[in-house]
Amino acid sequence: MIYSKEVENMCPVKGISHGAAPIPEEGKWVQAKEIKDISGLTHGIGWCAPQQGACKLTLNIKEGIIQEALVETVGCSGMTHSAAMAGEILVGKTILEALNTDLVCDAINTAMRELFLQIVYGRSQSAFSEGGLPVGAGLEDLGKGTRSQIGTIYSTLSKGPRYLELAEGYIVEIGLDKDDQIIGYKYVNLGKMMDNIKKGIEPMEAIEQASGKYGRFDEAVKVIDPRKE
C-alpha cells in the first residue's frame, strides 16, 4: 500500500472500533462482516430505465448464498424471457455475485440492487423469524394456482373501468347495478382451471369448477363482458 509523504509524517493515534452494528437476521442479532454472514428472505421491486416495466423479486438467502428466487415481471415481452434467464442465473450465487451479474433486464437488475440494500441493512422479511423461512417459502406466495397476484384494469373517461384480471383470477363478467356501477364480477382461476384440465376434466367443466363470483354479482341488473362491451 502506498502512502503520501504527508500521511507518512503524521503521528500515529489509536482509534476505537466497536465493530459493525448488529442487524436482525432470522431471529438473531448478527455482526455482519462477510457475505456469508447474511441470511434472510426478502422481496423488492425494480424498474427499467424508461420506467416502462417492473420486476418483483423474492430471494431466500442462507449464509450469503441465494437458495431460492421468484422473479415476477410486468411490462415488455422481453422481460419475461429475461426473467427465465435470471431464474437460472441467480440461484447458487452469493448476493454480491448476483449484484454484479447481468440479469439481462434492467428492471431485474434494479430489483436485485434494492434487495441487496434491504438484506445487508437487516430489513429482510424474515428478520425476526427464528431460523428464517424454508426454501419454498417464495413459491407459497403464489398460492395453489402458482400464478402471480395480478391486477389488470382498463378504463376510459367515456366508458368507465373494465376489470380484466384480479387476485381471484381472469374476469369473465362484470355485474352492474341500475346506475351502471360495478357491484361484483365473475372470474375463472386459471391455475385451478389448468390443473383440472391436466387431470383429464373436459375444458368447459374445468372452467366451471374453477369459476367463482365476488361481491354482489348475483344482484346485478346488467352483466357485461369486460373484453367486448
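Tutor: Let's start with a term: a pocket is an open set of grid points with protein on both sides within 12 Å along at least five of seven lines, and a lining residue has an atom within 4 Å of one of those points. Keep in mind that this is a predicted model.

Student: What gives the most to the lining of the largest pocket?

Tutor: That's β5, with 5 residues. At least two residues each come from β4, β5 and α2. By type, the lining of the largest pocket has 10 nonpolar, 6 polar and 4 charged residues.

Student: And what volume does the second largest pocket have?

Tutor: About 160 Å³. It is lined by 15 residues, and R147, Q149, A167, E168 and N189 are the closest to its centre. Two or more of the lining residues come from each of β7 (160-166) and α6 (190-198).

Student: Next, cysteines. How many disulfides does a search of the whole structure find?

Tutor: It finds 0. A pair of cysteine sulfur atoms has to lie within 2.5 Å to be called a disulfide.

Student: Why is C55 too far from the closest cysteine sulfur for a bond?

Tutor: The closest cysteine sulfur to that of C55 belongs to C105, and it is 6.8 Å away, so this pair is too far apart for a bond. C76 is in no disulfide either: its nearest cysteine sulfur, also in C105, is 6.1 Å away.

Student: What makes C55 count as buried?

Tutor: The cut-off for buried is under 20% relative accessible area. C55 has 1%, so it counts as buried.

Student: Now helix α4. How do you know that its span agrees with what it should be?

Tutor: Helix α4 has 15 residues, 106-120, and at 1.5 Å a residue it should span 21 Å; its end C-alpha atoms are 21 Å apart, so the two agree.

Student: Which residues of α4 are buried?

Tutor: They are A107, I108, T110, A111, M112, L115, F116 and I119. Their cover includes the strands β1 (23-25), β3 (40-47), β4 (54-62) and β5 (65-74), along with the helices α2 (77-90) and α3 (95-99). After α4 comes G122, with a positive phi near 80°.

Student: Which phi value does E63 have, positive or negative?

Tutor: It's positive, near 50°, and E63 is not a glycine. Most residues other than glycine have a negative phi. E63 sits in the loop between β4 and β5. With 61% relative accessibility, E63 also counts as exposed.

Student: What about D180: where is its place?

Tutor: In the loop between β8 (169-176) and β9 (182-188). D180 is another residue that is not a glycine but has a positive phi, about 60°.

Student: Why is D180 called exposed?

Tutor: Exposed means over 50%. D180 has a relative accessible area of 51%, so it is exposed.

Student: Let's end in the strands. What makes V30 buried?

Tutor: V30 has a relative accessible area of 17%, and buried means under 20%, so the name applies. V30 belongs to strand β2 (residues 28-30). Leaving aside neighbours within four places in sequence, V30 is in contact with A21, P22, I23, E25 and D37. A84 is 54 residues from V30 in sequence and 33 Å away, C-alpha to C-alpha.

Student: And R162, why is it called buried?

Tutor: Its relative accessible area is 13%, so R162 passes the under 20% test. R162 lies in strand β7.

Student: Which residues is R162 in contact with, leaving aside neighbours within four places in sequence?

Tutor: T152, I153, Y154, I174, I224, P226 and E229. Take T152: it is 10 residues from R162 along the chain, and their C-alpha atoms are 8.8 Å apart. Contact is judged on heavy atoms within 4.5 Å, so a C-alpha separation is another quantity.

Conventions: Residues numbered from 1 in each chain as written. Predicted model: local features only at pLDDT ≥ 70, side-chain atom pairs only at ≥ 80, totals over all residues. Heavy atoms only, no water. Helix = DSSP H or I, 4+ residues; strand = E, 2+ residues; numbered from the N terminus. Expected span 1.5 Å × (residues − 1). Buried < 20%, exposed > 50% of the residue type's maximum accessible area, 1.4 Å probe, protein only. Nonpolar A, V, L, I, M, F, W, Y, C, P; charged D, E, K, R; others polar. 1 Å grid on protein atoms, 1.4 Å probe; cavity = no way out; pocket = protein on both sides within 12 Å on 5 of 7 lines; lining within 4 Å. Points joined across faces, edges and corners; volume = space filled by probe spheres on them.
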